[in-house]
Amino acid sequence: MKWSVFTVATPDLKAEELAASAASAGIDGIEWRFRGIPEDALQEEPSYWRNNRCSIDPASWEEQTPIFREAAHKHGRKSIALVPYLSCGDLPATEQAFQAANSLGASMMRVGVPGYNRTASYPELYREAVRYLSEVQEMAKQYKVKALVETHHQTIAPSASLAYRLVQSLDAEHVGVLYDPGNLVHEGYENHRMGLELLGPYLAHVHVKNAGWFQDEAVATFSSERLGEDQSSSLTTKWNCSWLSLTEGVVDWVQVVRDLQAVGYNGYYGIEDFSGAFSSAKMLQHFTDVFQAIKQQLEEEVGV
C-alpha cells in the first residue's frame, strides 16, 4: 500500500518541513498544490485554500519548482503529482501546469472540469469538457504526465459514472480518474465497488478524507423548541456537509480499501484531511496509523 499527501492539507508547513513530516510518518509520495497565495491573505494564519505555505506559485513556477523537487529528494520522498486549480478550456494555463509537473518529475496532474450551478445545461458543459480533454490528452502525451479528472461535488463529474463518461473515449494511458470518496459524501455517491468496476483502467489515483452531514444547528434548535407543535409549514430541513477526520465520517474506509483491492488497485492513497482535528504532522501520522490498521485487518480477513 503506497501513501501520499496533497499539500493543500498541510498549509502551515513549508516544502522542506512537509517532506520531513511525510518521511517521519512513512508517507512516500507528495502531491504539490499549484496555486498562488492571494495578496490579501499573506498576513493571515495558514489555511487550506488561502495562505497555504506548501504551494507552488504558477507565476514563479520556474524558480520554485526546483526548490520543491529538491525538498522531496532531500528527505527521500517522490513528487508524484501536481495539483493545480484549472478552468476547463484554459489551455495556456493547462500547458504551463504540465510544464511544471514535468519539471517536478511528477507522473500525474489534475485538470479542469466544468462546475455545475444550474446556469448552463449539462449537455453543453459536457461537450465543452470533452473538447478540452481531447486537447489535454495531447499535452499529457507530450509532457509524459497523466491528466486526472477528479470526482468532485459541484462539477459535472461528481460521481464515478459521470467522471467515466468524460474520459471513456480517451486513452487510459494518458487520461485517468482521481477517485475521491470523501467528495462523494457531498454529492455523487454510488456503491464504491460498482463505480470502481466501471472506471476500470481509468482509475488512476485515490484521495483520502472523510465528511458527514449535519442538520443546521439553528433549525435543530428551532425544531426542538417546537416539539409537539404542528411543523407542517416547513417544506424542507437544512443540512450541511462538513469535513471530519478519517474515522469519524460517513466513508467506511475499510470497505473502500477492500473494494479497491478487489478491482486490483495498486496506486497511491493520498491524504487531504480537512477536518482540522490534528496539527499537520499529527494528521499525517494519524493517516498512516489508520491505514496500517486497515491493511492489517484486510490481511487477516484473507489469512495473509
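Reader: Which side chain makes a polar contact with the side chain of Glu150?

Author: The partner is Arg110, whose side chain is 2.7 Å from that of Glu150. This is a predicted model.

Reader: What makes the pair of Glu150 and Arg110 a polar contact?

Author: The cut-off for a pair of N or O atoms is 3.5 Å. The value for Glu150 and Arg110 is 2.7 Å, and the pair is counted as a polar contact.

Reader: Why is Glu150 called buried?

Author: Buried means under 20% relative accessible area. Glu150 has 5%, so Glu150 is buried. The residue lies in strand β6, which covers residues 146-150.

Reader: Which residues is Glu150 in contact with, leaving aside neighbours within four places in sequence?

Author: Contact means heavy atoms within 4.5 Å. Glu150 is in contact with Arg110, Ala157, Leu178, Asp180, Asn183, His207 and Glu272.

Reader: Why is Thr94 called buried?

Author: The relative accessible area of Thr94 is 0%, and the limit is 20%, so Thr94 is buried. Thr94 is part of helix α3, residues 91-104.

Reader: What does the side chain of Thr94 make a polar contact with?

Author: The partner is the side chain of Tyr132, at 2.8 Å. That value is set against the 3.5 Å cut-off, and the pair counts as a polar contact. Tyr132 is also among the residues that Thr94 touches beyond four places in sequence, with Leu86, Met109, Val136 and Met139.

Reader: How do you know that the radius of gyration of the protein chain agrees with a compact globule?

Author: For 304 residues, a compact globule would have a value near 19 Å; the protein chain has 20 Å, and therefore the two agree. Along the principal axes, the C-alpha atoms fill a box of roughly 65 × 55 × 45 Å.

Reader: How many of the residues of the protein chain count as buried, as a percentage?

Author: Of the 304 residues, 48% count as buried. The accessible surface comes to about 14,500 Å², and carbon and sulfur atoms hold 48% of that area.

Reader: What share of the contacts with a separation of 6 or more comes from residues 24 or more positions apart?

Author: Such residues account for 79% of those contacts in the protein chain. The secondary structure comes to 10 helices and 11 strands.

Reader: How many positive and negative side chains does the protein chain have?

Author: There are 25 positive and 40 negative side chains, and the centres of the two sets lie 4 Å apart.

Technical notes: Residues are numbered from 1 along each chain as its sequence is written. This is a predicted model: local features need pLDDT of at least 70, side-chain atom pairs count only at pLDDT 80 or more; totals for chains, interfaces and linings use all residues. Side-chain values use heavy atoms; hydrogens and water are left out. Helices (H or I, at least four residues) and strands (E, at least two) are DSSP runs, numbered from the N terminus. The radius of gyration is taken over C-alpha atoms; the globule rule is 2.2 Å times the number of residues to the power 0.38. Buried means under 20% relative accessible area, exposed over 50%, partly exposed in between (1.4 Å probe, protein chains only). Accessible areas come from the Shrake-Rupley method with a 1.4 Å probe; for residues, only the protein chains shown count as cover. Lys and Arg count as positive and Asp and Glu as negative; His and the chain ends are not counted. The place of a charge is taken as NZ of Lys, CZ of Arg, CG of Asp or CD of Glu. A polar contact is a pair of N or O atoms within 3.5 Å; within protein, one must be able to donate a hydrogen and the other to accept it, and residues adjacent in sequence count only if both atoms are side-chain atoms.
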